[in-house]
Amino acid sequence: HDPQLWSEVDRYIAERLVPADPVLEAVLEASAAAGLPPIHVAPNQGKLLWLLARLQGARRILEVGTLGGYSTVWLARALPPGGRLITLEADPRHAEAARANLERAGLAGVVEVRLGRALDTLPRLAAEGQGPFDLVFLDADKPSTAEYLRWALELTRPGSLIVADNVVRAGAVLEGSSRDPSVRGIRRFYEQVAAEPRLSATAIQTVGSKGYDGLALALVLPEA
Ligand code: SAM
């Protein structure tokens, strides 16, 4: 366990592979100035989201949990011309900051920020016939991650990719008797993924400037 070393390695990686970007830096600065918590993905993780969206050839992306729009900018930048991203955020202050950040990033025409609890806005997306989304990024409140996965399955197609962040929680995911609602939610998420014949998935543990956590990737398979 050496969190400082993890951060230094993150910096080493980012300095070489994730060039400094004034737009992304401005997003983080404005988010901090607006009092948002610094719980956005790290730069090298943002780049991973961008790579996954590119590999996926994603034209429609759904994000659950916007914060100030940092990961949103990474994902939206991976879209081809005409691509669209919808991001869901429950906190009006976060949504407002994200809208301003996306405007500044020149992405206001590509990204729609929907304000509301995701368990309310996800059914609305389904009722509107939005989707199928090619990539879904689950990064909101962790207790509800399993429920968000249900909706992600409604809103995707065979070949879509579902990504979920914070699925290790510094190892607390092992604690079957945990009373922590986030741990319980993440454990339900694993059970649901494991029991879902439409998904083939893995998760990897991550260390870095964001501590010790993990990322899950689930591919939506063709109906058997
Ligand atoms: N994806 C962002 C990034 O990496 O830049 C970080 C998202 S942050 C970890 C989680 C966000 O989910 C917070 O902005 C929080 O307000 C939002 N959130 C919490 N509960 C929510 C809910 N029920 N529905 C939608 N968003 C929610």
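This is a predicted model: local features need pLDDT of at least 70, side-chain atom pairs count only at pLDDT 80 or more; totals for chains, interfaces and linings use all residues.
View 1. The shell comprises 21 residues. Ser71, Glu89, His94, Ala118 and Asp139 are the closest. Sorted by class, the shell has 9 nonpolar, 6 polar and 6 charged residues.

View 2. Ser71 places a side-chain N or O atom 2.8 Å from a nitrogen atom of the ligand. Gly65 contributes through its backbone: an N or O atom there lies 2.9 Å from a ligand nitrogen atom. For Asp141, a polar side-chain atom is 3.3 Å from a nitrogen atom of the ligand. The protein buries 88% of the 600 Å² that the ligand exposes when taken alone.

View 3. The ligand takes up the space of the largest pocket. Ser71 and Asp139 are among the closest residues to the ligand.

View 4. The structure has 1 cavity of 30 Å³ or more. The space in the largest cavity is about 40 Å³. Its lining consists of Asp10, Ala42, Gln45, Thr206, Val207, Gly208, Ser209, Lys210, Gly211 and Asp213. Two strands, β6 (199–208) and β7 (211–220), are the elements that give two or more residues to this lining.

**View 5. Make-up of the cavity lining.** Strand β6 supplies the largest share of the lining of the largest cavity, 3 residues. By class, the lining of the largest cavity holds 2 nonpolar, 5 polar and 3 charged residues. Lys210 and Asp213 are among the residues that line the largest cavity.

Conventions. Residues are numbered from 1 along each chain as its sequence is written. Side-chain values use heavy atoms; hydrogens and water are left out. A residue is near a molecule or strand if one of its heavy atoms lies within 4 Å of it. A polar contact is a pair of N or O atoms within 3.5 Å; within protein, one must be able to donate a hydrogen and the other to accept it, and residues adjacent in sequence count only if both atoms are side-chain atoms. Accessible areas come from the Shrake-Rupley method with a 1.4 Å probe; for residues, only the protein chains shown count as cover. On a 1 Å grid over the protein atoms alone, a cavity is a set of points where a 1.4 Å probe fits but cannot get out, and a pocket is an open set with protein on both sides within 12 Å along at least five of seven lines; lining residues have an atom within 4 Å of a point. A molecule sits in a cavity or pocket if more than half of its atoms lie within 2 Å of its grid points. Ala, Val, Leu, Ile, Met, Phe, Trp, Tyr, Cys and Pro count as nonpolar, Asp, Glu, Lys and Arg as charged, and the others, Gly among them, as polar. Grid points are joined across faces, edges and corners, and a volume is the space filled by probe spheres set on the points. Helices (H or I, at least four residues) and strands (E, at least two) are DSSP runs, numbered from the N terminus.
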